[in-house]
Amino acid sequence: MIQRRTALGASLGLVILIAGLGALPRATTAQSSAVDLRNVVTGEKLDLSDVLPEGKDTPGVKQFLATGHNPYITDASCLKKGEQTFLAACSGCHGHIGEGKIGPGLNDNYWTYPQNTTDAGLFSTVFGGANGQMGPHNESLTLDDILQVIAWVRHLYTGPVSDAEWLNDEQKKKYTPYKLGETFPDNPPGMCAGNGKS
C-alpha cells in the first residue's frame, strides 16, 4: 500500500513538473520585425521565423510588424474573430470578459507587465509567454490570431480612456467602455472579413 502511494505520488509529481515546464517562457533567438519584440520575462528577442504558416503574411500582420500598432483594434470584422479565439484559448484563465480567474484580469488599467499597455508589449506576452501559467501561444495561434485576440482584449477594456495607451487620439475620442452582451454582425466588413481561419 505504501509503495503504491509512493509510486502514485511520484507519478503525480512528474506530471506537475512536466506541465509546469510547458508553461515556462520559451527562449528565442531571432526576430524578423522592424519592431523590437522581446520576451517580457527574459528580455530576449522573439523569434518570428518559426511561426505557424497560416496568418503570417496578412496585411494586418505586415502593418503591425512594421509599426508595432495593431490595425485591428477598432475593426469589427477582427473583433468578432478575436472574441471567438479569446473564448477558446484565453477565457479559461483570464475569464470570459477578461475579468481574471487564475490569470490576471485584462479589462482594467492594471497590467502585470507594464509593457502590455502597448500593442507590441501585449503581442510579446501572448506570443512568447510570461511567468506563472502563461505559456507561449506561438505554436497554437497564428500571428494574425494573436492580433485579433489583442484587439478583443483591448475592446474589453473598461478603464479610463486616458490610460488606454494603445489608442490613438481619434480612437480615444470615440472610445466607449465595453458593455456586457455587446454583439457584432456575423460578417462585418473589414480587414478580417472573409478570411475564415487566419
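Good morning. What we have here is a predicted model, in which local features need pLDDT of at least 70 and side-chain atom pairs count only at pLDDT 80 or more, while totals for chains, interfaces and linings use all residues. Residues are numbered from 1 along each chain as its sequence is written, and side-chain values use heavy atoms, with hydrogens and water left out.

Let me begin with the overall fold. The chain holds 7 helices and 0 strands, and its pattern along the sequence reads α-α-α-α-α-α-α. Helices (H or I, at least four residues) and strands (E, at least two) are DSSP runs, numbered from the N terminus. Of the 198 residues in the chain, 44% are buried. Buried here means under 20% relative accessible area, exposed means over 50%, and partly exposed lies in between, with a 1.4 Å probe and protein chains only.

I turn now to the cysteines. How many disulfides does a search of the whole structure find? The search finds 1, where a disulfide is a pair of cysteine sulfur atoms within 2.5 Å. Cys78 and Cys192 form this disulfide, with an S to S distance of 2.1 Å. The two cysteines belong to distant parts of the chain, 114 residues apart: Cys78 is in helix α3 (residues 76-89), and Cys192 is in the segment after α7 (169-174). The torsion about their S-S bond is about 95 degrees, so the disulfide is right-handed. Cys78 counts as buried because its relative accessibility is 0%. Cys192 is likewise buried, at 0% relative accessibility.

Two further cysteines deserve a word. Cys90 takes part in no disulfide, and the nearest cysteine sulfur, that of Cys93, is 8.6 Å away. As for accessibility, Cys90 is buried at 13%, whereas Cys93 is partly exposed at 31%.

Next, the interior. A nonpolar core is a set of buried Ala, Val, Leu, Ile, Met, Phe, Trp, Tyr and Cys residues joined through side-chain atoms within 4.5 Å. The largest such core has 43 residues, and Leu37, Phe86, Phe123 and Phe127 have the most contacts inside it. Two or more residues of this core come from each of α2 (59-67), α3, α5 (119-128) and α6 (143-155). Which helix gives the most to the core? That helix is α6, with 8 residues.

We come to the pockets. On a 1 Å grid over the protein atoms alone, a pocket is an open set of points where a 1.4 Å probe fits, with protein on both sides within 12 Å along at least five of seven lines; lining residues have an atom within 4 Å of a point. Grid points are joined across faces, edges and corners, and a volume is the space filled by probe spheres set on the points.

The largest pocket holds about 480 Å³ of space. It is lined by 28 residues, and His94, Gly103, Pro104, Leu106 and Met134 are the closest to its centre. Helices α3, α4 (91-94), α5 and α6 each supply at least two residues of this lining. By type, the lining has 17 nonpolar, 11 polar and no charged residues. In this count, Ala, Val, Leu, Ile, Met, Phe, Trp, Tyr, Cys and Pro are nonpolar, Asp, Glu, Lys and Arg are charged, and the others, Gly among them, are polar.

The second largest pocket holds about 270 Å³. Among its 14 lining residues, Ile73, Thr74, His155, Tyr175 and Thr176 lie nearest the centre. Helices α6 and α7 give two or more residues to this lining, and the largest share, 3 residues, comes from α6. The lining divides into 7 nonpolar, 4 polar and 3 charged residues.

I close with residues in the loops. Ile73 is in the loop between α2 and α3 and is buried at 6% relative accessibility. From C-alpha to C-alpha, Ile73 is 7.5 Å from Trp152, although the two are 79 residues apart in sequence. Asn107 lies in the loop between α4 and α5 and is buried at 12% relative accessibility. Asn107 and His155 are 48 residues apart in sequence, with 8.3 Å between their C-alpha atoms. Thank you for your attention.
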